[in-house]
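This report goes through one protein model in short sections. Please look at the sequence and the structure before reading on.

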Amino acid sequence: MPEKTQPSLRLIAYLVDVLIIFLVYMLLAWFVSGAVDLSQLLNRLLMVFILMPVGLVVFVPLYFLYTTSRWGGTLGKFITGIEVVDEGGKHISLKRAFFRNYVGYTVSSIFAYLGFIWVAIDKERRGWHDMIANTSVVVKKRGGTTFGLIALILLLMGNVIV
């Protein structure tokens, strides 16, 4: 079985995912701020206010569920070289990813986020959401971190250039 991940890697993976979502919001702000007159500004604001709820309700959950079941985690986990696996060390199903991300995360959040903090306390490095879904977050490969950091730098550079 691969080695269990350190809580710091999980935190970095989460922060990378938050950064990516933040960059999407920055792109939307850039799109709106590029309006040249009031009519165009109102049209762009209306478009953003229609697309944001659709993105938050449809795209974001599908992104988290699909990437977790297909590749073992989001881009943040890929960059840090960690992944979510089942008891056999394989990627989890879409159904289990839903259960882990929605039921498990809700339980982990209820009591002052103690379920997430539990990762640092538990000898198996599992949060309550991992225990509920019978999953673990393991180190996939150490080289993935280097490749991932290069990908993140290129992503950030692309955002600055655009």
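## The chain as a whole

The model is predicted. The protein chain holds 7 helices and 2 strands. Read from the N terminus, the order of its elements is α-α-α-β-α-α-α-β-α.

Of the 162 residues in the protein chain, 33% are classed as buried. The accessible surface of the protein chain is about 10100 Å², and carbon and sulfur atoms supply 75% of that surface. Among contacts in the protein chain with a separation of 6 or more, 65% are between residues 24 or more positions apart.

## Helices α4 and α5

Two packed helices are described by the angle between their axes and the distance between the axes. Helix α4 covers residues 94-110 and helix α5 covers residues 114-121. Their axes come within 5 Å and cross at roughly 85°. Angles of 65 to 115 degrees count as roughly perpendicular, so α4 is roughly perpendicular to α5.

Which residues of α4 meet α5? On the α4 side they are Y105, S108 and S109. On the α5 side, the residues are L114, G115 and F116. Sorted by class, this contact has 3 nonpolar residues, 3 polar residues and no charged ones.

T67 is placed in helix α2, which spans residues 38-71. Is T67 buried or exposed? Its relative accessibility is 7%, and buried means under 20%, so T67 counts as buried. A polar atom of the T67 side chain lies 2.7 Å from the backbone oxygen of Y63. When neighbours within four places in sequence are left aside, T67 is in contact with L62, G72, G73 and T74.

T80 lies in helix α3, residues 75-80. With a relative accessible area of 4%, T80 is buried. The side chain of T80 reaches a backbone oxygen, that of G76, at 3.0 Å.

Most residues other than glycine have a negative phi.

Where is R125 found? R125 sits in the loop between α5 and α6, the latter being residues 128-133. Phi of R125 is near 60°, which is a positive value in a residue other than glycine. The relative accessibility of R125 is 21%, so R125 counts as partly exposed.

N134 is in the loop between α6 and β2, where β2 is residues 136-139. Phi of N134 is near 55°, again a positive value in a residue that is not glycine. At 35% relative accessibility, N134 counts as partly exposed.

## Summary

The predicted model has 7 helices and 2 strands in its protein chain. Helices α4 and α5 cross at roughly 85°. T67 is buried, and T80 is buried too. R125 is partly exposed, as is N134.

Technical notes. Residues are numbered from 1 along each chain as its sequence is written. This is a predicted model: local features need pLDDT of at least 70, side-chain atom pairs count only at pLDDT 80 or more; totals for chains, interfaces and linings use all residues. Side-chain values use heavy atoms; hydrogens and water are left out. Helices (H or I, at least four residues) and strands (E, at least two) are DSSP runs, numbered from the N terminus. Buried means under 20% relative accessible area, exposed over 50%, partly exposed in between (1.4 Å probe, protein chains only). A polar contact is a pair of N or O atoms within 3.5 Å; within protein, one must be able to donate a hydrogen and the other to accept it, and residues adjacent in sequence count only if both atoms are side-chain atoms. Axes are lines fitted to C-alpha atoms, for helices over the stretch in contact, and angles run from 0 to 180 degrees between N-to-C directions. Angles under 35 degrees count as roughly parallel, over 145 as roughly antiparallel, 65 to 115 as roughly perpendicular and the rest as oblique. Contact means heavy atoms within 4.5 Å. Ala, Val, Leu, Ile, Met, Phe, Trp, Tyr, Cys and Pro count as nonpolar, Asp, Glu, Lys and Arg as charged, and the others, Gly among them, as polar. Accessible areas come from the Shrake-Rupley method with a 1.4 Å probe; for residues, only the protein chains shown count as cover.
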